[in-house]
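This report describes one protein model from its coordinates.

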Amino acid sequence: KRFSLPVVADRRAGPTQAIDAAMAAEETLQATVDALKAQVEKNEKAMDTFYLLFAASLVFLMQAGFALLAAGSIRMKSVKNILLKSVMDACAGGIIWYLFGFGVAFHQGEGGNGFIGTSGFNYALSGVDDTSGASYGAEWAFFFFQYAFAAAAATITSGAVAERCTLTGYLAYVMLIVGLLYPVVVHWVWDPNGFLSAFNPEPPGPFKKLPGMIDFAGSGVVHLTGGVCAFMGALTIRPRLGRFVGDETLFAGQSSSLQVLGTFLLWFGWYGFNPGSTLAITPAGYARDAARAAVTTTLAAASGATTGLLLKRGLPSQLGGVPMWDLAATCNSLLGGLVSITAGCSTVDVWASIVIGLVGAIVYHVASCTMRKLKIDDPLDAFAVHGACGLWGCIAVGLFCTEEYSYSPHADSTLYAKRGKVDCGIFYGGGGLLLAT
């Protein structure tokens, strides 16, 4: 009897204590889950930053590829000059991109316009602040990635004016390209305020009727822009003395080894150029797109090189053929295939990348022959590779882009609300608006 009351009390208190203990355990578990979620979010942000830094490093390595390709494609007496220009592309271009180019290309905040970036946030990176504790370096990584692209666009020009442009004149051209011409085009297509951007929910004026341009990694933005600048440079400066008179073999490149090494370095860097243009790896679908872009990039390059080799060997001399296997033409055809797939690397089927690379090699050959026919001296075929194939790459998106992978028009746009779906290429049932854009 002495112990009956406590026993009864314990029995009555038991369920209450169990409930309290369960609630406490639930709170502890929820706190643990919340902490794990927060840590996962931090890890994802850090991983995205690292991914973009790694991709940017691959793109920057393309500077070495450009330098080797250029050094191997010209005569020995001009090698030091073009290598110095390659170095200054990265150095002078980096300063100009930091001071002006990045701000012109990307608007930060509200009130942007469709033509050019106007906010002071990105000029000289004056608005970036990583001292709050919430930054994971994404702003710095994005700047570095875009700088590597800008340097690539500027370097394209050096090949077209090789052996006959002074360093002072070339640096002035680089400053104009990196500080104004290239970033303006970037703003049009890649900034959410750009009038051609697929990321702009409300394009200005008549552009509301267009879905927005899909140029995933820059066939048009980088290569066509650089190629046009190269064409204008080559057109403005006279050809090398004796270039189109007499024996053309006197102007052959001085090192096939450097040409091949440069080509392979550029191909390797393209795996940062194209897959890296997802700008992140952890969001849903981004890893898939990056991986598929690597495959389409590979197949377009392989298709372009094989087609170029056979085309140059099989065509008669009247159509630009030669009675031997041409290494330089094969390397340039490979690069033409890479340029051609850059716009649609994440939005086309794998089989289409082979076709795009094949046609890219043909486009390169026709453009190269046309430049020689017009007696425009382009020692590295910069316009044929980057300009002509860049244009074809943009057109190819309007033909081969699939509805499953398309991201234009913007989901919040008036056009999307009217159509209820994204647009696709003509060969997949599209109405032609994507091609028109």
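Phe273 has a relative accessibility of 0% and counts as buried, where buried means under 20% relative accessible area, exposed over 50% and partly exposed in between, with a 1.4 Å probe and protein chains only. Trp270 is also buried, at 1% relative accessibility.

## Basis of the model

The model is predicted: local features need pLDDT of at least 70, side-chain atom pairs count only at pLDDT 80 or more, and totals for chains, interfaces and linings use all residues. Residues are numbered from 1 along each chain as its sequence is written, and side-chain values use heavy atoms, with hydrogens and water left out.

## Overall layout

The protein chain has 12 helices and 0 strands. Helices (H or I, at least four residues) and strands (E, at least two) are DSSP runs, numbered from the N terminus. Along the principal axes, the C-alpha atoms fill a box of roughly 125 × 45 × 45 Å.

Of the 437 residues in the protein chain, 50% count as buried. Among contacts with a separation of 6 or more, 76% join residues 24 or more positions apart; contact means heavy atoms within 4.5 Å.

## Other aromatic pairs

The count of aromatic pairs comes to 19. One of them, Phe149 with Trp190, is edge-to-face, at 6.0 Å centre to centre and 70 degrees between the planes. This pair links distant parts of the chain, with Phe149 in helix α3 (residues 138–160) and Trp190 in helix α4, 41 residues apart. Phe149 is buried at a relative accessible area of 0%, and Trp190 is buried at 12% relative accessibility.

One aromatic cluster is formed by Trp97, Phe102, Phe106, Phe142, Phe143 and Tyr182.

## Packing of α2 on α4

Helix α2 (residues 79–105) packs with helix α4 (residues 167–190) at an angle of about 35 degrees, the axes being 8 Å apart. Axes are lines fitted to C-alpha atoms, for helices over the stretch in contact, and angles run from 0 to 180 degrees between N-to-C directions. The residues of this contact comprise 19 nonpolar, 4 polar and 2 charged. Here Ala, Val, Leu, Ile, Met, Phe, Trp, Tyr, Cys and Pro count as nonpolar, Asp, Glu, Lys and Arg as charged, and the others, Gly among them, as polar.

Ser346 sits in the loop between α8 (327–341) and α9 (350–373). Ser346 is buried, with a relative accessible area of 4%. Neighbours within four places in sequence aside, Ser346 contacts Phe216, Asp289, Arg292 and Tyr405.

The 24 residues of α9 should span 34 Å at 1.5 Å a residue, and the end C-alpha atoms are 35 Å apart, which agrees; the expected span is 1.5 Å times one less than the number of residues. The buried residues of α9, including Ala352, Gly357, Tyr364 and Met371, pack against α5 (219–236), α7 (286–314), α8 and α10 (382–400). Just after α9, Lys375 has a positive phi of about 60 degrees.

Key. Phe/Tyr/Trp six-rings, centres within 6.5 Å; stacked < 30°, edge-to-face > 60°.
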